[in-house]
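Here's a quick tour for anyone about to open the model. Keep the viewer handy as you read.

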Amino acid sequence: VVFKRLFIMLILCIIGGNVFAHDIEVANADGVMICYNWNNDKTELTVTYRGDYVTAQLNWYPSKVIIPESVEYNGSIYNVTAIGYYAFGFSGINSVVIPPSVTSIEDYAFVACGGITSIIIPENVITIGNNAFEDCSLKAVTIPSKVTSIGNHAFNGNPLTSVIFSNGSNGLTIGAFAFANSWGLTSVTIPNNVTYGYGAFGACPDLTSIIVEDDNPNYVSVDGVLYSKDMTKILCYPKGKTNNSFSIPNSVTCIENSSFFSCDLQSVDIPNSVVAIGKYAFEFCNGLTSVTIPDAVTYIGEQAFQGCDLLTSVISLIDNPFEIVGKAGEGRSTFSESTFENATLYVPNGCFDKYKTTDGWKDFKNITESGSSGIDMVISNKKTNQIYDLSGRKADRPQKGINIIDGKKILVK
């Protein structure tokens, strides 16, 4: 939070101009001075940032603020219809009343208001902006039926135990990471008319189940895991699930962005049907020690396996490698630098030179063909006895990649 405050103030000093200059300021019924900008041809008002960046005055307010529904100014009455950009950001308030006249809560409106533990979003609100309530202390939130858009990171980093979408929501779109990092949230239900943004419920440590209403035309839930309706895309594996391993269904062709973000799985079986692995798909999956990439894959997004610092083996079954983001990606690399340095990349026989000359893959310090380094053979995925993964965990059947079978390293393709 301190970093964010300093960053914001720095940006304000750099860009100059009247970024947060207000048009008028009027005291509410409690005597609290609130700043406003005109909108809609000076017929309505937007609550705006109170501070003056020129003097670095903080956006300070008393602990409780009641925003009026309308304001009298120079003998005329104006409705308050929006809470503007950074209006109460970093302000220190712990209670706010938003009037029913408000239809828009804009970007960063209440960002980092750590004292706010509850909020009532009025029924007339249509849009909730990016980062609007990020890093508050909200324990529950109900999204009114008129809301059509929830921005990226809008409620990220709150201790939410309940997220409810009101009945009758009309085409609601949830932005990326909108409710991510919500500790305490164990289950959430997605209504039939909601569009899910990637990572929207990612990294929620207690989330074990995403439920989808039966008549939702876009999504389906199987054992609490969110998929596209036709089961060709996996969208979210809840972080709170306690399984050590997971096999992605054979119907899946795309592992969407952030699908497994920050999950605690130790093993994920990616089927041969998969052709694309999205950005951030397995980012910060710290339990993974090995991953096998099927030969049908033609795309792996940036940061797909970044933060998987325990990876000791990456097994690629791709005969003709394509470019991925390597060390030169300035923080966007597909794998962590520690993986490039310490893990072994196993590639098909005869493909060493291809990988050694392909961007991204060539950054692996240790590349070996699957027929070397004590890996004896390639077998079909069939039942056998005495099967272990490279971490020594016993398995019921061989998984794609390197297995230890009867004491020998075996590559299962």
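## Ground rules and confidence

This is a predicted model, where local features need pLDDT of at least 70, side-chain atom pairs count only at pLDDT 80 or more, and totals for chains, interfaces and linings use all residues. Residues are numbered from 1 along each chain as its sequence is written, and side-chain values use heavy atoms, with hydrogens and water left out.

The protein's mean pLDDT (the predictor's confidence in each residue, from 0 to 100) is 89, with 86% of residues at 70 or more. Residues 11–18 fall below 50, and that stretch has 6 contacts (heavy atoms within 4.5 Å) beyond near neighbours in sequence. Residues 377–383 also stay under 50, with 16 contacts beyond four places in sequence.

## The parallel sheet

β24 is joined to β26 (residues 313–316) by 4 bridges, and Val-291 stands opposite Val-314 in β26.

## Around Val-96

Val-96 belongs to strand β7 (residues 95–97). Because its relative accessibility is 8%, Val-96 counts as buried (under 20% relative accessible area, 1.4 Å probe, protein chains only).

Leaving out residues up to four places away in sequence, Val-96 touches Val-65, Ile-67, Phe-110, Ile-116 and Ile-119. Lys-64 lies 32 residues from Val-96 in sequence, yet their C-alpha atoms are 5.8 Å apart.

Note on methods:
Two strands pair if DSSP finds at least two bridges between them. Helices (H or I, at least four residues) and strands (E, at least two) are DSSP runs, numbered from the N terminus. Buried means under 20% relative accessible area, exposed over 50%, partly exposed in between (1.4 Å probe, protein chains only).
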